[in-house]
Amino acid sequence: MGEMAENIRANHLVYPEDRRMRIHVRLPFLVLGAVAAVLPLAGAWVWMLVFGLPELAPSPRITYPDDPVGFPVWLRLAHFVNLVLMVLLVRSGLSILMDHPRLYWNDHCTPGSDWIRFTPFEVPKDRVWTAKDDSRYLSPWIGLPGFRHTIGIARHWHFLSAFFWLGNGLIFVALLFATNQWKRLVPTDLSLFTEAAKVMVHYATFHLPVEPDGFFRYNALQQLSYFGIVFIVAPVSLLTGLAMSPAIDNWAGWYPKLFGGRQAARSIHFLAMCSYLAFLVPHVGMVVITGLCQNMNHIISGTDTTGPEGLLVFLAGVAGILALCWATHWVSWKRPRWVQMGFRRILGPLQRAVLNRLPSRRQYTRDDISPYFWPNGKLPHCPEWEGLGDLRRQGFKLKVSGLVENPVELGIDELENLGKREQITLHHCIQGWSGVAQWGGVTLRQLIDLVKPLPDAKVVVFRSFGEGHYGGEYYDTLTLENAAHPETMLAWEMNDHPLTDLHGAPLRLRAENQLGYKMVKWIKSVEFVHSEKEVGKGYGGKNEDDEYYPVVANI
Ligand SMILES: Nc1nc2c(c(=O)[nH]1)N[C@H]1C(S)=C(S)[C@@H](COP(=O)(O)O)O[C@H]1N2
Ligand SMILES: [Mo]
């Protein structure tokens with residue numbers, strides 16, 4: 001049995017009782033969405049009723065001698081690969097979304113400020129409600145891997161697919177322009193827009209226009225929607241995806257601002273997914289009703305024939321995709337380590353070489369501080385921590401040991417004597433929420449200078465008084481390089497007050513180029529080691545061990 005299944009069974013999480021899913025859209029956004037959907041339809045009807053059904057321009061097969069004829073093999077392949085990867089992307093994306101089933105237009109994620117939520121619950125105000133409590137169940141029939149709080153695995157699938165999807169997309173676009181195929185998509189004449197509106201009037205009023213032969217050219221509306229998906233929605237997906245990375249956002253603050261902030265980027269990323277689905281329905285619908293067999297032959301065998309061959313191959317392709325869904329589901333549950341390690345092998349080097357190098361330098365102002373900061377994790381309940389006294393500081397001595405010349409034990413006052421740094425930064429939780437807070441503490445750089453790591457020390461371990469989700473000491477690790485980033489600090493203050501119990505008293509880690517789970521709260525000790533393999537199960541942290549999170553957390 002896979003470890004994930006074991007974890008889930010051990011915690012009686014098999015089929016959580018409450019599996020309800022409610023989509024709740026705030027009224028103004030519901031109205032906005034309805035208006036956006038109805039307006040073009042209403043316009044089309046008015047057009048027809050007032051001016052009559054517009055006449056469409058004739059669309060000859062070939063206007064210019066170098067117009068495209070048929071679909072070359074690379075285009076047909078890229079189209080299919082795209083479909084496969086989109087299935088993985090959407091399924092894993094939905095799984096990720098359900099881990100923080102709320103979308104916002106502001107970076108604070110204050111409960112009640114979500115414009116859409118996929119949970120029946122408002123955040124309760126009378127008790128601690130962690131982000132993990134808030135995560136929801138998604139059926140594995142829909143999500144990859146689906147279920148509740150399987151975000152680690154879902155993200156591996158998402159980023160791996162995104163990586164290959166980008167590669168496929170770049171090859172596709174490069175070949176479009178290297179050949180004459182770009183002419184099918186790119187509008188070169190403004191009249192295309194009015195022509196597309198006319199086609200729209202036909203469709204919306206249930207008049208099917210005579211379609212051009214798709215082997216040679218598309219109708220105007222078809223061309224514009226393909227163009228929109230390839231050249232607008234796809235890049236938007238990619239760019240808003242990047243705008244959710246803590247390493248990128250805290251390095252180049254202007255970047256997420258292009259989209260209205262990190263959470264707006266997340267919302268737009270979701271809306272882009274909706275656009276694909278909204279495109280897919282009429283796209284497939286039109287393929288079916290405008291000559292299914294012939295259309296299939298066009299895009300599958302590249303021939304302009306009317307036999308059933310293409311359709312049969314397509315159905316085999318669909319069976320293949322279903323088999324892939326089953327296979328990805330199976331490895332996710334039975335061999336989750338393969339997924340985790342596969343991701344680490346393929347994308348880990350890139351994460352280390354590019355994103356991990358970016359210094360976090362984005363500073364916010366006091367006015368930006370979030371009124372509410374989602375909590376996460378389980379409060380410690382060991383006597384060691386409970387007995388620490390006032391603000392958990394009285395009896396506290398941070399132990400710093402391992403591969404260092406000068407092991408030390410320091411109280412908060414002594415840490416403060418090393419010099420205090422304050423920073424106002426944006427926190428990124430892997431689950432999707434964010435929040436701005438001011439942190440006060442000592443940089444790890446100063447601690448490193450004090451304890452003098454031996455040449456063999458490459459990794460810093462932070463151990464907590466608290467336990468992980470599945471029991472056992474919570475800990476995480478940073479590479480020495482990340483620990484030495486100027487903004488990486490051990491903090492004892494949040495928003496000018498000593499840390500509360502909920503947020504990690506007496507001491508917690510801040511590593512702004514990483515996701516929240518690396519930022520251990522209720523720190524007990526710091527240890528310098530050679531490799532993360534020596535600690536816990538050896539994957540780099542409690543969440544890495546038990547929930548298959550990546551050891552490098554910069555996306
Ligand atoms: N000891 C411990 N530290 C922890 C966690 C935890 O479960 N236990 N959760 C992490 C996660 S996932 C996040 S997002 C942040 C949340 O910090 P906050 O509760 O102050 O918002 O703490 C991190 N540190
Ligand atoms: Mo988190």
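Mentor: The discussion below concerns a predicted model, taken from its sheet to its aromatic contacts and then to its helix packing.

Trainee: In which order do the five strands of the open sheet lie, and which strands stand at the edges?

Mentor: The pairing in this open sheet is mixed, and the order is 5-4-13-8-9. A strand with a single partner has one side left without a neighbour in the sheet, so the edges are taken by strand 5 (408-410) and strand 9 (473-479).

Trainee: How many bridges join strand 8 to strand 13?

Mentor: Strand 8 covers residues 459-467 and strand 13 covers residues 523-529, and the two run antiparallel. Within this pairing, valine 459 stands opposite valine 529 of strand 13. The number of bridges joining strand 8 to strand 13 is six.

Trainee: Which strands does helix 17 lie across, and what angle does helix 17 make with strand 5?

Mentor: Helix 17 comprises residues 444-451 and lies across strand 4 (398-402), strand 5, strand 8 and strand 13. Its direction relative to strand 5 is given by an angle of about 140°.

Trainee: Turning to the aromatic residues, how is the pair of phenylalanine 29 and tryptophan 115 classified?

Mentor: The model holds 25 aromatic pairs. In this one, the ring centres are 5.8 Å apart and the planes make an angle of 50°. Planes under 30 degrees apart would count as stacked and those over 60 as edge-to-face, so the remaining class applies. The pair of phenylalanine 29 and tryptophan 115 is tilted.

Trainee: How many residues apart are phenylalanine 29 and tryptophan 115?

Mentor: Phenylalanine 29 belongs to helix 2 (residues 27-51), and tryptophan 115 to strand 3 (residues 114-117). Both are also members of one aromatic cluster with Trp105, Phe118 and Phe270. The pair thus links distant parts of the chain, 86 residues apart.

Trainee: Which arginine has its charged end over the ring of tyrosine 218?

Mentor: Tyrosine 218 forms an edge-to-face pair with tyrosine 226, at 4.8 Å centre to centre and 70° between the planes. Tyrosine 218 is buried at 13% relative accessible area, and tyrosine 226 is buried at 14%. The charged end lies 5.3 Å from the ring centre of tyrosine 218 and belongs to arginine 184.

Trainee: Which residues of helix 12 are buried?

Mentor: The cover over the buried residues of helix 12 includes helix 3, helix 11 (262-289) and helix 13 (309-334). Just after helix 12, glycine 302 takes a positive phi of about 80°. In helix 12 (residues 292-301), the buried residues are Asn295, Met296, Asn297, His298 and Ile299.

Terms used:
Residues numbered from 1 in each chain as written. Chains lettered and ligands numbered in written order. Predicted model: local features only at pLDDT ≥ 70, side-chain atom pairs only at ≥ 80, totals over all residues. Heavy atoms only, no water. Pairing = 2+ DSSP bridges. Helix = DSSP H or I, 4+ residues; strand = E, 2+ residues; numbered from the N terminus. Contact = heavy atoms within 4.5 Å. Axes fitted to C-alpha atoms, helices over the stretch in contact; angles between N-to-C directions. Phe/Tyr/Trp six-rings, centres within 6.5 Å; stacked < 30°, edge-to-face > 60°. Buried < 20%, exposed > 50% of the residue type's maximum accessible area, 1.4 Å probe, protein only. Lys NZ or Arg CZ within 6 Å of the ring centre and 35° of its normal.
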